[in-house]
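Take a look at the fold shown here. This report walks through its sheet, its helices, its core and its ligand site.

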Amino acid sequence: MVSHAYDRIADSYDEDWCGLYAESRRRAVGQIVAVLSDALDLDVADLAVGTGNTLDALYRRLSLCTATGFDVSTGMLRKAFGKLPKRTRLIHDSAANVEDHLAPASLDLVLCHFLLRYLEPQVVLSRAYRLLKPGGYFSLVTSTQRSLLETYTGRFEKTGRLLGVRAQIAKGGNPLDHASSIEMLQQYGIEIITDNLYREGVTFRSFDDVRAWAFESGWAAEFFGQRPSLRTGFTWTAFALAEVLMRPLYPVHATSEISIVLGRKPS
Ligand SMILES: C[S@@+](CC[C@H](N)C(=O)[O-])C[C@H]1O[C@@H](n2cnc3c(N)ncnc32)[C@H](O)[C@@H]1O
């Protein structure tokens, strides 16, 4: 289960190898603050609050009236609880069930950051759309399916194939590329306000880097979390095998690709 996988990495999640989450967040928050800095008493929901970093940034820069965070992982929620003001509503439930907790047309801003991997866009976007007030904003941050792909099709091909990485990337709701992210929002009637494609070169210099990226970023949690039949022992065997196979390949250069879009429900 994805929730258990994130429970296991909750303590190290904020170490954020290469700072990819921090930079994505900085850009998304910049887009939001640019349009909402003068607004008062905003009602905000984060559909996958994780360790609470994005709501934390918004509390510091915007006037929030209510803030609600959903997550399926109690470990991640515990970290968010320690970081966010106590008036924050933290709800242990899937973003698929947000409408059980929030009234229609009640939100000024909905955050959907690194969630599409786990929920189909139609589930997330239809619910978010109904929850937004007319004129409310939707902030999307998502890895694209192209992210890091050249790694697996290049020097990593054999190892990637062995670990089933390509098939894993294609699973879930992540859009193919940045243009698909934008189209997806438009299909749900969301107007695009700002968009940004964050591409960042990353270098794996040793297996320690691979391990840090895979576990601290949550990728391993995603990868193995989607295969509940796999036992931890298998996880470690696969990583040990990858370590041996990858030894001659370093340094391995790849490009991470993250799509960051701010949209708006028409007034
Ligand atoms: C990569 S983390 C992103 C966390 C946060 N949004 C951020 O930007 O740092 C993915 C989060 O999604 C949560 N998650 C996975 N499936 C979910 C679901 N169906 N509903 C709500 N949260 C979910 C995980 O538990 C994890 O905390």
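Two strands pair if DSSP finds at least two bridges between them. Keep that in mind for His113, whose bridge partner in S5 is Val141. The model is predicted.

## The sheet

Strands of a sheet pair through backbone hydrogen bonds, either parallel or antiparallel. Here, seven strands form an open sheet in the order S3-S2-S1-S4-S5-S7-S6, and the pairing is mixed. Strand S3 (89-92) and strand S6 (191-204) are the edge strands, each pairing on one side only. From one strand to the next, the twist averages 15°.

Start with strand S1, residues 42-46. S1 and S2 pair in the parallel sense, over five bridges. Within this pairing, Ala45 stands opposite Thr68 in S2. S1 also pairs with S4, again in the parallel sense, over three bridges. There, Asp46 stands opposite Leu111 in S4.

Now move on to S4. Six bridges join S4 to S5, and the two run parallel. How many residues of S4 are buried? Seven of its seven residues are, so S4 is mostly covered, where buried means that 20 or more other C-beta atoms lie within 10 Å of a residue's own.

## Helices across the sheet

Helix H2 (residues 20-36) lies across S1, strand S4 (107-113), strand S5 (132-143), S6 and strand S7 (252-264). H2 runs at about 20° to S7.

Helix H5 (residues 121-131) lies across S1, S4 and S5. What angle does H5 make with S4? H5 runs at about 160° to S4.

## The nonpolar core

In soluble globular proteins, nonpolar side chains tend to be buried together. The largest nonpolar core in this model has 53 residues. Which of them touch the most other members? They are Leu47, Val110, Cys112, Leu115 and Phe138.

Leaving aside neighbours within four places in sequence, Leu47 is in contact with Phe70, Ala95, Val98, Val110, Leu111, Cys112, Leu115 and Val124.

## Around the ligand

The ligand is surrounded by 22 residues. The closest are Ala48, Gly50, Ser73, Ala95 and Tyr118. By class, this shell has 13 nonpolar, eight polar and one charged residues.

Which elements each supply at least two residues of the shell? They are helix H1 (2-9), helix H3 (53-61) and strand S2 (64-71). The largest share, three residues, comes from H1.

## Two positive phi angles

Asp16 is not a glycine, yet its phi is positive, about 50°. Asp16 sits in the loop between H1 and H2. Is Asp16 buried or exposed? Asp16 counts as buried because it has 20 C-beta neighbours inside 10 Å.

Ala105 is another residue other than glycine with a positive phi, near 50°. Ala105 is found in the loop between S3 and S4. With 13 other C-beta atoms within 10 Å, Ala105 is partly exposed.

Methods:
Residues are numbered from 1 along each chain as its sequence is written. This is a predicted model: local features need pLDDT of at least 70, side-chain atom pairs count only at pLDDT 80 or more; totals for chains, interfaces and linings use all residues. A nonpolar core is a set of buried Ala, Val, Leu, Ile, Met, Phe, Trp, Tyr and Cys residues joined through C-beta atoms within 7 Å. A residue is buried if 20 or more other C-beta atoms lie within 10 Å of its own, exposed if 12 or fewer, and partly exposed in between; C-beta atoms are placed from the backbone. Two residues are in contact if their C-beta atoms, placed from the backbone, lie within 7 Å. A residue is near a molecule or strand if its C-beta atom, placed from the backbone, lies within 6 Å of it. Helices (H or I, at least four residues) and strands (E, at least two) are DSSP runs, numbered from the N terminus. Ala, Val, Leu, Ile, Met, Phe, Trp, Tyr, Cys and Pro count as nonpolar, Asp, Glu, Lys and Arg as charged, and the others, Gly among them, as polar. Axes are lines fitted to C-alpha atoms, for helices over the stretch in contact, and angles run from 0 to 180 degrees between N-to-C directions.
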